[in-house]
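Here is a short briefing to read alongside the model. It starts with the strands and then turns to the pocket.

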Amino acid sequence: MKNVNELINYLIEKNSEEQTHFGEGFFLTPISLDELKVFNAHFTQAFNFQPPNELLDLLKISNGFSVNGLNLYSAKEQNEPYYLAGIIEANQEFHTEESLRNFVAFCDESSSRVVYNLKVNQFQIVDSFTWEELESFPTLTLAISSLLKTANIFE
């Protein structure tokens, strides 16, 4: 998936398949425009850069999600219908470790994580434990798409 619209359409299709097979999908309630403005301001203040538009587009269809081990962090911590870390809270926890302050994490699965590396200004897939770069990408969409494929999330 080369652009966020392709990724969104793919996720909508997979969510629909989950609804058909299991009676419920993995999407959460989308973020409202007012909540999106507040999130945008808090994210910018917390990390000194604007959240990627791709992330905002994803939050408009589902305020984060968890499916088959992949967790896209929500705008703020969710407890219903299941626990999902908020992106700001998760990163504040990561940033207690000084060596991780150059990263902003967007999603994770069991062995890897999609981050933005502030030092090199790139999206990366990093190892969940060592935070060593596995792959780098020019966009968040390409990083998430790669993780979906390599982690066999829907296979």
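Two strands count as paired if DSSP finds at least two bridges between them. Strands (E, at least two residues) and helices (H or I, at least four) are DSSP runs numbered from the N terminus. This is a predicted model, where local features need pLDDT of at least 70, side-chain atom pairs count only at pLDDT 80 or more, and totals for chains, interfaces and linings use all residues. Residues are numbered from 1 along each chain as its sequence is written, and side-chain values use heavy atoms, with hydrogens and water left out.

**Strands around β3**
- Strand β3 (residues 103–108) pairs with strand β4 (residues 112–117) in the antiparallel sense over 5 bridges, and the two form a hairpin with 3 residues between them.
- Strand β2 (residues 70–72) also runs antiparallel to β3, joined by 2 bridges.
- Asp-108 of β3 is the bridge partner of Asn-71, and Asp-108 also stands opposite Arg-113 in β4.
- Because 6 of its 6 residues are buried, β3 is largely enclosed by the rest of the structure; buried means under 20% relative accessible area with a 1.4 Å probe, protein chains only.

**The largest pocket**
- The largest pocket has a volume of about 210 Å³.
- Its lining includes Ile-31, Phe-39, His-42, Lys-76 and Glu-89.
- Helix α2 (33–47) gives the most to this lining, with 4 residues, while α2 and α4 (87–94) each supply at least two.

Terms used:
Buried < 20%, exposed > 50% of the residue type's maximum accessible area, 1.4 Å probe, protein only. 1 Å grid on protein atoms, 1.4 Å probe; cavity = no way out; pocket = protein on both sides within 12 Å on 5 of 7 lines; lining within 4 Å. Points joined across faces, edges and corners; volume = space filled by probe spheres on them.
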